[in-house]
Amino acid sequence: MQKIRDRIIRIFDFYGLEESELEFEETEQDGKVYLNVTLPEEKAKHFIGAKGETLDSLEILTRLAHLDELEGVDRLTIDINGYRKDKENQLKEKAILVAQKVLETEHEYVFNNLNSYERYLVHSTISEDKNLDRVETFSEDDAYGRVLVVRLKS
């Protein structure tokens, strides 16, 4: 992981960030590595980008540049100032609220524009909550792509 950290430091240095302004937090669990880089808030937005697109690109390029170093690692997640973790937690909270609303109203809810990992988070969050055992989730294709449906079990 040191080579990955060094590459990230070089990238940030190119944009005027000093190594002393960066802080790394690394956790590894079940073959998944999570690397959070903390940097000054006013500069973080440039590396996160709109809806995390720049951060996604940084992660992809880093992963491709270090394939040999990542052997045995199922997934590398790079985060900046906990942006991804916050978004995950917000999505999980929304999933619970939506499922509770489905229980109350008995009307299904459709999540649009979720990537595969976000759909997985919604599926697993709802299925793991024992209070929501009357709710089911499934993904399907519609005219605009893949959607996730939350509804009462039949």
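# Exercises on a predicted model

In this predicted model, Asp 6, Asp 13, Glu 18 and Glu 19 form a patch of negative charge on the surface.

**Exercise 1.** Locate Glu 18 in the chain and classify Glu 18 as buried, partly exposed or exposed.

Solution. 
- Step 1: Glu 18 belongs to the loop that links helix H1 (2-14) to strand S1 (23-29).
- Step 2: the relative accessible area of Glu 18 is 47%. Buried means under 20% and exposed over 50%, with partly exposed in between.
- Step 3: Glu 18 is therefore partly exposed, at 47%.
- Step 4: membership of a patch requires over 30% relative accessible area, and Glu 18 is one of the residues in the negative patch.

**Exercise 2.** Identify the residues of the nonpolar surface patch and classify Ile 60 by its accessibility.

Solution. 
- Step 1: Ile 60, Leu 61, Leu 64 and Leu 67 make a nonpolar surface patch of about 420 Å².
- Step 2: Ile 60 sits in helix H3, which covers residues 53-65.
- Step 3: the relative accessibility of Ile 60 is 44%, so Ile 60 counts as partly exposed.

**Exercise 3.** Describe the surroundings of Leu 148 and state whether Leu 148 is buried or exposed.

Solution. 
- Step 1: Leu 148 is found in strand S6, residues 145-152.
- Step 2: the relative accessible area of Leu 148 is 0%. The limit for buried is under 20%, so Leu 148 is buried.
- Step 3: leaving aside residues up to four places away in sequence, Leu 148 has contacts that include Tyr 109, Val 110, Phe 111 and Arg 119. Val 122, His 123, Thr 137, Phe 138 and Ser 139 are also among the residues touched by Leu 148.
- Step 4: Ile 9 is 139 residues from Leu 148 along the chain, and their C-alpha atoms are separated by 38 Å.

Methods:
Residues are numbered from 1 along each chain as its sequence is written. This is a predicted model: local features need pLDDT of at least 70, side-chain atom pairs count only at pLDDT 80 or more; totals for chains, interfaces and linings use all residues. Side-chain values use heavy atoms; hydrogens and water are left out. Patches are made of residues with over 30% relative accessible area and no salt bridge: like charges are joined within 9 Å, nonpolar side chains (Val, Leu, Ile, Met, Phe, Trp, Tyr) within 5 Å. Accessible areas come from the Shrake-Rupley method with a 1.4 Å probe; for residues, only the protein chains shown count as cover. A salt bridge is a side-chain nitrogen of Lys or Arg within 4 Å of a carboxyl oxygen of Asp or Glu. Lys and Arg count as positive and Asp and Glu as negative; His and the chain ends are not counted. The place of a charge is taken as NZ of Lys, CZ of Arg, CG of Asp or CD of Glu. Helices (H or I, at least four residues) and strands (E, at least two) are DSSP runs, numbered from the N terminus. Buried means under 20% relative accessible area, exposed over 50%, partly exposed in between (1.4 Å probe, protein chains only). Contact means heavy atoms within 4.5 Å.
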